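User: Please take a close look at one part of the structure shown here. Then use it as a way into the rest.

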Amino acid sequence: MTIEDRAARLRVLEKEASACISCRLNETRTTVVFGDGNADADLMFIGEGPGQHEDEQGVPFVGRSGQLLSTLLERVGLSRPEVYIANVVKCRPPGNRDPRRDEIDACKGYLAEQIKLIDPAAVVTLGNFSTKLLLKTEVGITRMRGQAYPWWRRHVVPTFHPAAALRNGPRVIEEMVADLQLAVQVIEQRTGASGQVSQPEQIGLFP
Ligand code: URA
């Protein structure tokens with residue numbers, strides 16, 4: 001599929017998501033926050049779910065967490081337009097509560113399709129929700145971070161959620177920078193990985 005085809009399919013999926021009523025979050029959302037960035041990105045970020053500013057503007061990571069994420073990207077020589085950013089759930093949980101299991105299950109098809117279409121070399125999972133969903137683990141982010149995990153022809157690099165860094169300060173920020181540097185290394189080392197497919201993606205990323 002060409003980049004134009006993939007970008008077009010993403011737009012169709014976004015339109016579909018914008019009318020989604022698959023879970024209760026549709027009753028309280030202002031906007032569906034589908035995702036933002038380069039449809040051909042080597043690096044994709046997955047957060048938890050939209051907050052108030054994201055819900056108002058329809059764009060992920062535009063609040064304080066988003067500002068920190070942009071700063072962290074700059075620290076490793078990247079910029080926001082180069083990457084793609086999405087969330088586990090596309091609608092804001094009321095009062096910024098945690099997304100519930102059935103809400104994540106109702107939404108995960110969109111994320112799986114986004115990952116397949118964008119086909120990044122590395123996926124950085126921001127915090128527990130996206131890390132646990134992709135890597136099917138119950139191990140917490142503090143123990144998971146610091147490593148790249150092979151996952152569906154690419155790598156998942158877990159790191160803290162920027163909100164945790166805003167709460168906990170410089171030590172967490174420096175660990176996030178180290179994780180992003182690892183993701184950049186993973187991308188630089190990716191050579192012909194698509195020739196080594198061992199599992200067909202059609203069966204779904206989150207069966
Ligand atoms: N936190 C998230 O997990 N996602 C956003 O889009 C904003 C804040």
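In which helix does Leu-117 lie, and is Leu-117 buried or exposed?

Analyst: The model is predicted, so local features need pLDDT of at least 70 and side-chain atom pairs count only at pLDDT 80 or more, while totals for chains, interfaces and linings use all residues. Residues are numbered from 1 along each chain as its sequence is written, and side-chain values use heavy atoms, with hydrogens and water left out.

Leu-117 lies in helix H4, residues 101–118. Helices here are DSSP runs of H or I with at least four residues, strands are runs of E with at least two, and both are numbered from the N terminus. Leu-117 counts as buried because its relative accessibility is 3%; buried means under 20% relative accessible area, exposed over 50%, and partly exposed in between, with a 1.4 Å probe and protein chains only.

Asp-179 belongs to helix H8, residues 170–189, and is buried because its relative accessible area is 2%. The side chain of Asp-179 comes to 3.2 Å from the backbone nitrogen of Gly-146. That is a polar contact, a pair of N or O atoms within 3.5 Å; within protein, one must be able to donate a hydrogen and the other to accept it, and residues adjacent in sequence count only if both atoms are side-chain atoms. Arg-29, in the loop between H1 and strand S1 (36–37), is buried at 18%. The C-alpha atoms of Arg-29 and Pro-93 are 7.8 Å apart, although 64 residues separate them along the chain. Ser-18 is in helix H1, residues 3–18, and is partly exposed at 43%.

Most residues other than glycine have a negative phi. Lys-136, however, has a phi near 50°; this residue is in the loop between helix H5 (128–135) and helix H6 (141–144), and is exposed because its relative accessibility is 53%. Trp-152 has a phi of about 45°. Trp-152 is in the loop between strand S5 (149–151) and strand S6 (154–159), and is buried at 15%.

Around the ligand are Gly-47, Glu-48, Gly-49, Glu-54, Pro-60, Phe-61, Asn-87 and His-161, where a residue counts if one of its heavy atoms lies within 4 Å. This shell holds two nonpolar, four polar and two charged residues; Ala, Val, Leu, Ile, Met, Phe, Trp, Tyr, Cys and Pro count as nonpolar, Asp, Glu, Lys and Arg as charged, and the others, Gly among them, as polar. A ligand nitrogen is 3.0 Å from a polar backbone atom of Gly-49. A polar side-chain atom of Asn-87 is 2.8 Å from a ligand nitrogen, and a side-chain N or O atom of His-161 is 2.8 Å from a ligand oxygen. On its own the ligand has 230 Å² of accessible area, and the protein covers 92% of this; the areas come from the Shrake-Rupley method with a 1.4 Å probe.
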